[in-house]
Amino acid sequence: MNKFLLSLSLLITTSIFAKKVKFAVDMTGQTISAFGVHVAGNFQVAAGYAMDWDYAGTILSQEGSTDVYSIVVDIP
């Protein structure tokens, strides 16, 4: 029971301190790969992805009809 309460309190505490971080890049004048636009870094595991520095793991989405690509991740 104590382990459950400890795990629950850690989950709640982590959620309270999590921050939404937006990664955005303006790709105007750049050639966009058929594989899309991605971001990689040592934040990925903290944000819930399988591993850090996984270049294929975090794909950015195009914002409307602009040349801006972005993603929002929760990082504790």
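**Salt bridges and their surroundings**

Mentor: Let's begin with D74, which counts as partly exposed at 39% relative accessibility. Keep in mind that this is a predicted model.

Trainee: Okay, which strand is D74 found in?
Mentor: D74 belongs to strand β4, residues 68-75.

Trainee: And what is D74 in contact with, leaving aside neighbours within four places in sequence?
Mentor: With those set aside, D74 contacts K19, K20, A46 and A47.

Trainee: How far apart are D74 and F17 in space?
Mentor: Their C-alpha atoms are 9.8 Å apart, while in sequence the two residues are separated by 57 places.

Trainee: Back to charges. How many salt bridges does a search of the whole structure find?
Mentor: The search turns up two. In one of them, the side chains of K20 and D74 meet at 3.1 Å, N to O. K20 is in strand β1 (residues 19-26) and D74 in strand β4, so this pair ties together parts 54 residues apart in sequence.

Trainee: Is K20 buried or exposed?
Mentor: Exposed, because its relative accessibility is 64% and the cut-off for exposed is over 50%.

Trainee: Which side chains meet at 3.0 Å, N to O?
Mentor: Those of K22 and E63, in a salt bridge. This pair also links distant parts of the chain: K22 sits in strand β1, E63 in the loop between β3 (59-62) and β4, 41 residues apart.

Trainee: And what's the relative accessible area of E63?
Mentor: E63 has 28%, so it is partly exposed.

How values were computed. Residues are numbered from 1 along each chain as its sequence is written. This is a predicted model: local features need pLDDT of at least 70, side-chain atom pairs count only at pLDDT 80 or more; totals for chains, interfaces and linings use all residues. Side-chain values use heavy atoms; hydrogens and water are left out. Helices (H or I, at least four residues) and strands (E, at least two) are DSSP runs, numbered from the N terminus. Contact means heavy atoms within 4.5 Å. A salt bridge is a side-chain nitrogen of Lys or Arg within 4 Å of a carboxyl oxygen of Asp or Glu. Buried means under 20% relative accessible area, exposed over 50%, partly exposed in between (1.4 Å probe, protein chains only).
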